[in-house]
Amino acid sequence: MFKRAALLYKLTFLFLFTCSIQYAKVVDIVFLHMNDVYEITPLEGGKYGGLSRVAELRKQLLKQNPNTYTVLPGDFISPSALGTAEFEGKRINGAQMIDVLNTLGLDFAMFGNHEFDYKYEVLQDRMDESKFEWISSNVYHDQNGLRQSFRRIDHPIPQYVILKIPSSGKKMVRVGMIALCIDVNKQPYVYYENSVDAGKRIYSEIKDSIDFLIAMTHLTIQQDKELAAAMPEIKFIMGGHEHFNMYVTQDETIIAKADANAKSVYVHHLLYDTKRKKLKIESELKTIDTAIKNDGATSETVNKWVDRAFSGFRSKGFEPNEIVTTLNEPLDGLEINNRFYETNLGKVIGEAMYSVSRNSTAAIFNSGSVRIDDNLMGEISQYDIIRTLPFGGKIIEIEVTGELLLKILNTGIANRGSRGFLQYYGIQYDSSSVSWGFNGHGIIETDTYNIAVSDYLLTGMEQNMSFLKRDNPGILKILEPQADDKSDLRNDIRLALIKYLKEKK
Ligand SMILES: [Zn+2]
């Protein structure tokens, strides 16, 4: 009898204790946050990244807490090496990424600037293939001035979502989430509303229906800080765009970004005290490496697309698995270097362009065409070269006036820090006298020069280079490769680089 009473007492105590915990309930909402993911496979010889590892981590987090959301704030359907391959007669164009993210179980994505690399029809296909939801608070589909939300399959994509997480009884914690994108990739089919205006507009609409507001953003860190300063209502920003991890506080708002290509991801715990109505955020930056297993289903999807893409590359004259060379000295493909100064990789690519040219004495290309964001070291396969220059593209030879050449080179310097910063071979720059040299002589405005350039540079799309189009009067002659001549390596800058590295070793 006594025993039973004691047990009852114990149970009652336990019950009361449990109830009292529930009363001052802190609800834990977990976000698995990755950003700027272009590659579905691991990088650096398999050491870092890989979406099947992220999928495994997601499974573990969900097991611990069903209130786990996986988010990707922008830049994922382009550019990627695999996406440039053809499958069944069509460029893959990011379909591999959507399929893998569907298998992984992504919950929410948003536009980054790279989602608008494609023409509208391609983006629409990728959106329609998505099983996850897209959110967009400030980007609209512009159809001849008619601005509407983009649509996914049968519905307009939402400008915000309100997540409802059970707290106690029938009560819910309501988390408003908006998504704000940078306005740099201005395609005719896209209209951008100012981010702060959009944030304020939506907040005033939903403020009575939420407990707190968070944002996914694809903005520069400076813009994120300005947003947080203008809208203290945003308690937490899960961002992207910079490609390296950071955890910054602006007033009361925390801004987090992980490393590109899921080399790291953030696991955020949003701990909401429902009694005191206070939010506390605890974040862990998790390195994605060999310590994490691969999720089987995601691995299968990844391998399926690698096989498809590799057979596509083979049909274009590549042998992705072939070892091109072994590098004992690393070639620097890090974006943070290639967009600020001339790197050894920049020189090598420039020299490769020069080496296949017929008539040129120097080569210039935009640093933004280098996307590997990594050091090339050790055994280098053809696929590594494809990853280095995922856009490929032709090498065009131009005869150009000294005046226009100087304008191009000086614009490249002015673009320091961005993708429009230029890498070159055969040209010298003296920063102390701010002067350009060519074969040991200064560049003379009235002379003409023969230069090999990447075809992208002649589109007028490069930053601050709208003047640089084929019809610029400073371009006196254009020499193009024959598209059907497979032996003409000017048809693909990557084939030129592969040949160059093979011959150099
Ligand atoms: Zn971006």
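Predicted model: local features only at pLDDT ≥ 70, side-chain atom pairs only at ≥ 80, totals over all residues.
Me: Why is Thr41 called buried?
Reply: Its relative accessible area is 17%, and buried means under 20%, so Thr41 is buried.

Me: Which residues does Thr41 touch, not counting those up to four places away in sequence?
Reply: Thr41 touches Gly50, Val302 and Val306.

Me: What are the protein donors of the zinc ion?
Reply: They are Asp75 (OD), Asn113 (OD1), His218 (NE2) and His241 (ND1), at 2.1 to 2.3 Å from the ion. The cut-off for a donor is within 2.8 Å of the metal.

Me: What makes the arrangement around the zinc ion irregular?
Reply: The four donor atoms subtend angles of 86 to 161 degrees. A tetrahedral arrangement needs all angles between 85 and 135 degrees, so the 161 degrees rules that out, and the arrangement is irregular.

Me: Why is the pair of Phe310 and Phe313 called tilted?
Reply: The ring centres of Phe310 and Phe313 are 6.3 Å apart, and rings pair if their centres lie within 6.5 Å. Their planes are at 55 degrees; stacked is under 30 and edge-to-face over 60, so the pair is tilted.

Technical notes:
Residues numbered from 1 in each chain as written. Heavy atoms only, no water. Buried < 20%, exposed > 50% of the residue type's maximum accessible area, 1.4 Å probe, protein only. Contact = heavy atoms within 4.5 Å. Donors = N, O, S within 2.8 Å, 3.2 Å for Na, K, Ca; no water. Tetrahedral: all angles 85-135°; square planar, octahedral: opposite > 155°, others 65-115°. Phe/Tyr/Trp six-rings, centres within 6.5 Å; stacked < 30°, edge-to-face > 60°.
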